[in-house]
Amino acid sequence: MKFALERLTEPSAVEKLEPEMEELFARLPDPNPYLAPQWLFAWWRHYGEGKEPVVLVVRDATGRICAYWPFLKVSGIGGSGLWPWVNNYANYSDPVADEEAVGCIEVLLAGFYALLKDYHFLWAPFLRESFWQRWMEPFLADKPERRMERIPRDVPRAIFPNRDFDAYWNARQGAKSRKTFRYVERKLRERGEVSFLVCETEKVVRTHLGALCELESRGWKQLEKVGLFSTLNARAFLFDLLPSLAAAQRVRLSFLCLDDLPIACELGILDRGSYRLHHLAYDEAYDCDSPGRQLLARNLRKCCEEGRLTFDFLPGANAYKRKLATEETVVRELHLFRSSLAGFFTRRSIEANLRKRKKMHQQQGIHTRADRNANEVIRE
């Protein structure tokens, strides 16, 4: 099958693609959830001012879209480069593409490589290992340009081969851990009525956004500026994004409540056979009752029993994720540089920055819970 590559740089042309992007995304078995049209266009509405898109699109002989990979133009040393759309929220950055359409990915990667003619560096921070091994690594094997390749994060996952949650739970938790978990469950029930609230429809998700925001304000993540609403414009962006994801049946917002008061919340991204743990927070006042762990266990059970094969903890192998995971994979980071003076200086600048960050982390040690989590998950 023959394929044609398009490079779109006008925002209006990209916006017209939304229905076709949705059609492609909906028919793929495991597309990158952070490049769903809902994420792309909600992000553009709140963070796109003054930015220039560069979107690669592959079409087959009938004109049907088979792949897209969106980037943003950014200023660099001596010129400009490209980095991913949704870069400050996305946990994955590989393209949305029909990998079973023979020749499609090859055309897309050729278009990606050709971007070096106009931009002196390309950055893809979180490429899933499956995409890297099958497509990117073989493609780059004979390319002479300088590049930087890293594994910045591990990705723990729980795989449910059947719907037997108790067997999974007993395999991942020792007898002492299970006993402790039963104890904190009982202690919380002694405080009042405990309930598990699941929000998936657009109307219900929209109704509970205020509860999500209020609960976040009572957690340690918000205090240490690593919460869901800590970044600039995050509230407006997420209040726009989450209902649209719910309308497409791609999000689950859940709460653990004590006498109707939410004390823990979890934001999960849904697709056909997976659940992806995007965010987990709880009220610090109930820390001794492990409400976050209790909510996570309920969501694990729900995903297992409803037939989802994979519970993806997403990049960042915190200790609790490793304990609950049945396997681990990684994400890959790629910097690709043009063979030019600007590309040389950009590479040197990035290398120097990485060395500086590593030295700073070593000198500072661990002072806060956020530092401890970062120390667990970041590969220097």
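Because the model is predicted, local features need pLDDT of at least 70 and side-chain atom pairs count only at pLDDT 80 or more, whereas totals for chains, interfaces and linings use all residues. Residues are numbered from 1 along each chain as its sequence is written, and side-chain values use heavy atoms, with hydrogens and water left out.

The protein chain has 15 helices and 13 strands, these being DSSP runs (H or I of at least four residues for helices, E of at least two for strands) numbered from the N terminus. The C-alpha atoms fill a box of roughly 65 × 55 × 40 Å along the principal axes. Of the 380 residues, 51% count as buried, that is, under 20% relative accessible area with a 1.4 Å probe and protein chains only, while exposed means over 50% and partly exposed lies in between.

Helix H2 (residues 18-27) and helix H3 (residues 37-47) pack at an angle of about 145°, their axes lying 9 Å apart; axes are lines fitted to C-alpha atoms over the stretch in contact, and angles run from 0 to 180 degrees between N-to-C directions. Glu-18, Met-21, Glu-22 and Phe-25 of H2 meet Pro-37, Gln-38, Leu-40 and Phe-41 of H3 in this contact, which is defined by heavy atoms within 4.5 Å.

Glu-284 is found in the loop between strand S11 (274-282) and helix H12 (291-305), and counts as partly exposed because its relative accessibility is 29%. The C-alpha atoms of Glu-284 and Ser-177 are separated by 21 Å, the two residues being 107 residues apart along the chain.
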